[in-house]
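Please keep the 3D view open as you read.

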Amino acid sequence: MTVQIFDYASGNIVNSKVDIDFPERFDAENPALVLSPPFVDIHTHVRLNDQEDYDSLNRAALVGGFGACVIQPNTKPPIENLEVLENHIRFSKGKEVKFLHTLSLFGDIEDLDGLENFKGNIAGWSTDGIRYTSEDLVRAFSRKKNALVFDHSQIHEIPGDFYIGTSLSNALRTYSNEAIAICRTVLTGLEFGFNKFHIQHVSTVQSLEMIEFLRRKAQITCEVTPHHVFFLPEDIRNTNQKINPPISKDRDALVKAVRDGVITCFATDHAPHPEKGDSFEQAPYGSSNIEVAFSVYLTVFQDVELVLRNLTVNPLRVLDKTYEMLDLHFPDDAVLIDTGAEYVVESRKLVSKGKNCAFEGQRLKGRILGVRRNGRWVYWNGEFLN
């Protein structure tokens with residue numbers, strides 16, 4: 001049949017014939033329906049230890065339309081040595097979602113190219129979720145071999161859960177914190193021969209300006225996350241909106257940076273937690289995002305092609321990979337999107353074990369109707385298929 005397809009080679013939606021069966025009859029000429037390659041999330045957290053595991057994360061990712069996820073190293077224990085890495089790869093094998101892993105920049109492993117048996121499973125180094133100092137960065141970069149560095153840019157020596165200037169409790173962190181940290185990581189890495197950096201969850205104008213300056217010196221990509229393009233500080237009502245880096249006043253500037261091509265990648269920063277409690281000081285950071293991320297981005301940008309580019313081809317460019325390298329082959333692996341659907345987020349209904357969704361109660365546009373993997377529909381209209 002002829003359906004609307006997101007052609008990721010051109011970045012455009014086109015009408016095209018596809019020789020696939022669907023679980024039920026529907027109006028293929030409905031302009032709200034788009035068939036796309038699966039999404040790629042380059043910033044995902046898994047917990048284990050009776051919290052979000054690879055089984056629950058696999059299902060939650062499918063609900064969100066994701067076919068590949070890059071796991072960050074701040075697990076317990078962290079992914080910083082060969083034994084822990086082997087366990088994560090073993091736990092994540094055989095799922096419908098392809099899981100790649102980052103290793104702690106501060107761990108025992110020093111050369112990713114030396115991991116011959118795991119090359120297809122490794123995305124790079126990462127500082128995400130790990131407290132570090134300038135001394136730690138120097139020590140790490142002086143020992144590690146050059147590879148892509150995912151950087152959660154933060155001056156950990158400065159306290160605070162929120163930026164100074166908000167009326168929120170524990171608003172002690174300086175607004176300049178993130179931009180200074182970006183500069184520190186990139187310049188330190190350059191001094192030791194590193195030249196490719198991916199800056200995670202950019203949240204301020206100063207960070208954008210710093211990235212544009214540093215792009216004269218190194219290969220730098222960056223991402224934005226759903227909560228940072230949706231909320232302003234005055235929107236924060238509960239601890240599920242306690243995020244690291246904090247939600248900032250620069251939401252509109254971040255949206256403009258996406259439209260202008262300064263930010264070219266969407267991530268989820270899916271950070272599942274059980275109940276977080278009411279204390280802003282004691283609650284952990286993060287929001288359970290992976291099931292609603294596409295809808296948030298479509299609600300904010302109202303541009304299906306822009307959203308799909310930033311969830312498919314652009315993340316792959318960051319990773320220097322193709323869909324084929326991730327064992328994803330369109331249209332045998334595909335996502336059917338209903339861009340016209342609307343729904344209200346109900347955290348208790350999330351598949352993820354993390355019910356801490358910052359978007360609880362928000363009305364969002366667009367939802368994933370179906371997910372196809374290896375030529376078989378595995379998810380359709382809210383249900384997993386055998």
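In this predicted model, the largest cavity has a volume of about 30 Å³. A search of the whole structure turns up 1 cavity of 30 Å³ or more. Its lining is made by Pro38, Leu62, Phe66, Gly67, Glu96, Val371, Arg372 and Arg373. Two or more of these lining residues come from each of strand S5 (66–71) and strand S12 (363–373). The largest share, 3 residues, belongs to S12.

Now turn to the strands S9 and S10. Strand S9 (residues 196–199) runs parallel to S10, and 4 bridges join them.

| Face of S10 | Residues |
|---|---|
| Covered | Ile220 and Cys222 |
| Uncovered | Gln219 and Thr221 |

Helix H5 also has a part in the surroundings of helix H7. Which residues of helix H7 (residues 251–259) are buried? They are Leu254, Val255, Ala257 and Val258. Viewed down the axis of H7, these buried residues fall within an arc of 160°, so they line one face of the helix. Asp252 and Lys256, on the other side of H7, are exposed. The packing partners of the buried residues of H7 are H5, helix H6 (226–230), helix H8 (293–301) and helix H9 (304–311). After H7 comes Gly261, with a positive phi near 85°.

Key:
Residues are numbered from 1 along each chain as its sequence is written. This is a predicted model: local features need pLDDT of at least 70, side-chain atom pairs count only at pLDDT 80 or more; totals for chains, interfaces and linings use all residues. Side-chain values use heavy atoms; hydrogens and water are left out. Buried means under 20% relative accessible area, exposed over 50%, partly exposed in between (1.4 Å probe, protein chains only). Two strands pair if DSSP finds at least two bridges between them. The arc is that of the directions from the helix axis to the C-beta atoms. Contact means heavy atoms within 4.5 Å. On a 1 Å grid over the protein atoms alone, a cavity is a set of points where a 1.4 Å probe fits but cannot get out, and a pocket is an open set with protein on both sides within 12 Å along at least five of seven lines; lining residues have an atom within 4 Å of a point. Grid points are joined across faces, edges and corners, and a volume is the space filled by probe spheres set on the points.
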